[in-house]
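The exercises below go through one protein model, each with a task and a worked solution. Look at the sequence and the structure before starting.

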Amino acid sequence: MVIDVESLGLHGEPFAVGWVVVDGDGNRLEEGEAWSPPELASGTVDDRAWVMANVSRHPMALDFKSSDHVCGAFWRRWLYWKAKGARLAADVAWPCEARFLIACVENDIE
């Protein structure tokens, strides 16, 4: 499973995640995207302006009310694929993806 996270700036709140699961031959087994309104995420005014100008929502994205809901939706998919032996990789692992994964773990403490 490979993920890519969008956030308000490098250290702002994540609001979207996209993923693809591929097998050893490169065949796509699953792909998805979860999205919450970026205007509700915390971040700087400049970062918000950049996101609004440069990041567009994919028409097939699953819509959620908050970044916590995005984390939860992704985390359930990750746990499903992890149980099947998947490994997790990130497009660029720091800082957006790392912060997102930390939030996912913190939201799933139990």
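**Exercise 1. Describe how the side chains of strand S1 are arranged.**

Solution. Along S1, side chains alternate between two faces. Ile3, Val5 and Ser7 point to one face and are buried, buried meaning under 20% relative accessible area, exposed over 50%, and partly exposed in between (1.4 Å probe, protein chains only). Strands (E, at least two residues) and helices (H or I, at least four) are DSSP runs, numbered from the N terminus.

The model is predicted: local features need pLDDT of at least 70 and side-chain atom pairs count only at pLDDT 80 or more, while totals for chains, interfaces and linings use all residues. Residues are numbered from 1 along each chain as its sequence is written, and side-chain values use heavy atoms, with hydrogens and water left out.

**Exercise 2. Find the largest nonpolar core and the elements that supply it.**

Solution. A nonpolar core is a set of buried Ala, Val, Leu, Ile, Met, Phe, Trp, Tyr and Cys residues joined through side-chain atoms within 4.5 Å. The largest one has 16 residues, and Met1, Ile3, Val17, Trp19, Phe74 and Phe100 have the most contacts inside it. Strand S1 (2-7), strand S2 (14-22), H2 and helix H3 (93-107) each give two or more residues to this core. H2 provides the largest share, six residues. Apart from this core lies another, of eight residues, among them Phe15, Trp35, Ala41 and Val55.

Now take Ile3. Not counting residues up to four places away in sequence, Ile3 touches residues including Val17, Trp19, Phe74, Leu88 and Leu101, a contact being heavy atoms within 4.5 Å.

**Exercise 3. Which residues form the aromatic pairs and the ring cluster?**

Solution. Rings of Phe, Tyr and Trp (its six-membered ring) pair if their centres lie within 6.5 Å; planes under 30 degrees apart count as stacked, over 60 as edge-to-face and the rest as tilted. By this rule there are four aromatic pairs.

1. Phe15 and Trp35 are edge-to-face, 5.2 Å centre to centre with 85 degrees between the planes. Phe15 lies in strand S2 and Trp35 in strand S3, so the pair ties together parts 20 residues apart in sequence. Phe15 is buried at 1% relative accessibility, and Trp35 is buried at 9%.
2. Tyr80 and Trp81 are edge-to-face as well, at 5.2 Å and 90 degrees. Tyr80 is partly exposed at 38%, whereas Trp81 is buried at 12%.
3. Ring pairs link Trp19, Phe74 and Phe100 into a cluster.

**Exercise 4. Locate the salt bridges and describe their surroundings.**

Solution. A salt bridge is a side-chain nitrogen of Lys or Arg within 4 Å of a carboxyl oxygen of Asp or Glu. The whole structure has two.

1. Arg28 and Glu31 meet at 2.9 Å, N to O; both residues are exposed.
2. Glu30 and Arg77 have their closest N and O atoms 2.6 Å apart. This pair links distant parts of the chain, with Glu30 in strand S3 (residues 28-35) and Arg77 in helix H2, 47 residues apart. Glu30 is buried at 17%, and Arg77 is partly exposed at 26%.

Arg77 also lies over the face of Tyr80, 4.5 Å from the ring centre. The rule is that NZ of Lys or CZ of Arg is within 6 Å of the ring centre and within 35 degrees of the ring normal.
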